[in-house]
Amino acid sequence: MTEWAEAVVKVDRLSKSFGAFRAVDEVTFSVARGEIFGFLGSNGAGKTTTIRRLCGLLTPTSGSGWVEGLDIATSAEAIKQRIGYMSQRFSLYDELTVSENLRFFGGVYGVSGSARTKRAAHLLELLGLFERRDTVTARLAGGWKQRLALGCAILHGPSVIFLDEPTSGVDPVARRAFWELIYELSDEGRTVFVTTHYMDEAEYCHRLALMHAGRMIALDSPAALRRSISHQPLLRLDTSDTLRALPILEQEPTILDAAVFGGGLHLRVKDFERADRAIRRRLSSVDIEVERLERIEPSMEDVFVSLIEAEEGAR
């Protein structure tokens, strides 16, 4: 676990309310230098509110936080100069070319002259945008626009980069390429704080904080989070009639949870052997054929669903 003293980002019982609505509820965590730290959760879970607070864009209701040793409550403007921030709707200027956007945002961050020219050239190569440097931004596909948005956010050389759902609406190939860029930034020693609701992207992070209803319900590496539910065997079931099988199996006492996953079902059970026999018996009695039934390793989506259900049960 990241030691508090080594952390670049520190948050202690941070809360944010909008009237009677508590968007973030006493969240505590720390992030190390060079770490890719993921904030995972559905829309409305509190991810964006937390990241905007750390970037100095919102005032907290209560709690404390620091970015590179600067207090988020008293040093918001200084923090803004130290970080890179890419929002869900990063504002590029469509009428400018790729190079012109980089030069413009470099100027906004106070980078001028030869330093700006040198950094812009480096980013064009790093982001694979050199061949598109004179292309008007409005003509870029979504994945290339996201690369350019990232370049504009990091041209001033920030040590901490906040990316708020940076690959939302981008095709899977472009998303993977974008994450390769994130790894390169991490290898350079930059800390990357990224929010996402894509479960597969969660696997790319060094550590994950799982958010639900404004609260952080889990914090660990993806592998450790998967192990946290390993005491409940997960089964993959393919049948001749998935939709008819689901409500039948939801009534089976040996099954803790049943959900459609792809073309089949994922089942969390109390005991594999007992569940195996019960499932086959129930489905056979209603003439549903079991095509495949096997134990599998949980995906991050399985982990997320399991932990949310446990959290809701505790409440």
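Which residue takes a positive phi in the hairpin of β1 and β2? Gly-19 does, with phi near 65°, and the hairpin has 2 residues between the strands.

## Basis of the model

The model is predicted: local features need pLDDT of at least 70, side-chain atom pairs count only at pLDDT 80 or more, and totals for chains, interfaces and linings use all residues. Residues are numbered from 1 along each chain as its sequence is written, and side-chain values use heavy atoms, with hydrogens and water left out.

## Strand pairing

Strand β1 (residues 7-18) and strand β2 (residues 21-32) run antiparallel and are joined by 8 bridges. Strands here are DSSP runs of E with at least two residues, helices are runs of H or I with at least four, and both are numbered from the N terminus. Two strands pair if DSSP finds at least two bridges between them. Val-11 stands opposite Phe-29 in β2.

β1 also pairs with strand β4 (residues 62-67), antiparallel, through 5 bridges. Val-9 has Val-67 in β4 as its bridge partner.

## Aromatic pairs

A pair of aromatic rings is described by the distance of the centres and the angle of the planes. Rings of Phe, Tyr and Trp (its six-membered ring) pair if their centres lie within 6.5 Å; planes under 30 degrees apart count as stacked, over 60 as edge-to-face and the rest as tilted. The count by this rule is 11 aromatic pairs. In one of them, Phe-37 and Phe-39 have ring centres 6.1 Å apart and planes at 40°, so the pair is tilted. Both Phe-37 and Phe-39 are buried (under 20% relative accessible area; exposed is over 50%, partly exposed in between, with a 1.4 Å probe and protein chains only). Phe-29, Phe-37, Phe-39, Phe-162 and Phe-193 form one aromatic cluster.

The rings of Tyr-93 and Phe-105 have centres 6.2 Å apart and planes at 40°, so this pair is tilted. Tyr-93 lies in the loop between β6 (83-86) and α3 (98-108) and Phe-105 in helix α3, so the pair ties together parts that are 12 residues apart in sequence. Tyr-93 is partly exposed at 36% relative accessibility, whereas Phe-105 is buried, with a relative accessible area of 11%.

## Charges over rings

A charge sits over a ring if NZ of Lys or CZ of Arg is within 6 Å of the ring centre and within 35 degrees of the ring normal. Lys-16 lies over the face of Phe-18, at 5.3 Å from the ring centre. Arg-175 lies over the face of Tyr-198, at 4.0 Å from the ring centre.
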